[in-house]
Amino acid sequence: MRKRKNFKLEMNIEKEIGQDTVLILPDYDEHGCLNSVIYHTGGMIKVESKPFDLIDTNLRFRGSSMRGAVEGSAAILGKLNKNPIIIDRDKGIILLPSKSALLEGCVWLSLQHIMECISLDGRTTKVNLSTGSSIILEGSKKSIQRRMEKAYELQFKMEAQKRFFESGRTLPETTYHLVKQAGQVNYEHKALE
């Protein structure tokens, strides 16, 4: 496997991970460079970027990063292996990895497009998707369902936090004016009438 030098992914609409994104597959080109295939509800597109980098770019485009998403997920769920990550909380886009995100063979599944998991032989699982398609993954049905449960738990806890903070917001009863006097380091708080 060759590494691509100085590759920078430019964000555009074709490379966006959205509500119609079903899964992201690793894909090697004829030169041995790791790329991605994004499957959407309306088709697929090949992207010259590793899945990890593609997801990181999408998160950065939304004001986060892969590191931030992984750390945020771990803060909510506890430190786990193969944590799901939130791409877009408001749109409910959560991806879960088929194996460690750092491994090149990692497939990323969109939680909202997983319909059913069927054990094939105890070591491989068929995942039926919302589009009528399916994918066979390494790993037991139990391990994939455990990752799905963690993704649903992450989604639930994020929604609960959102409701908690939104219900706690109130309009201020008083307005104020902040003034920093010459030679002072702090601002003074003065209520307005």
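## Terms and basis

Two strands count as paired if DSSP finds at least two bridges between them. Strands themselves are DSSP runs of E with at least two residues, numbered from the N terminus.

The model is predicted, and local features need pLDDT of at least 70, side-chain atom pairs count only at pLDDT 80 or more, and totals for chains, interfaces and linings use all residues. Residues are numbered from 1 along each chain as its sequence is written, and side-chain values use heavy atoms, with hydrogens and water left out.

## Strand β5 and its partners

Strand β4 (residues 85–88) runs antiparallel to β5 and is joined to it by three bridges. In this pairing, Ile-86 stands opposite Ile-94 of β5. The two strands form a hairpin with four residues between them, and Gly-92 in the turn has a positive phi of about 70 degrees.

Strand β6 (residues 108–110) is also antiparallel to β5, again with three bridges. Here Leu-96 stands opposite Leu-109 in β6.

## Cover of β5

Strand β5 spans residues 93–97, and five of its five residues are buried; buried means under 20% relative accessible area, exposed over 50%, and partly exposed in between (1.4 Å probe, protein chains only). In a regular strand, side chains alternate between the two faces of the sheet. Ile-93, Leu-95 and Pro-97 lie on one side of β5, with Ile-94 and Leu-96 on the other, and both faces are covered.

## Strand β7

Ile-118 is located in strand β7 (residues 114–119). Ile-118 is partly exposed, with a relative accessible area of 30%.
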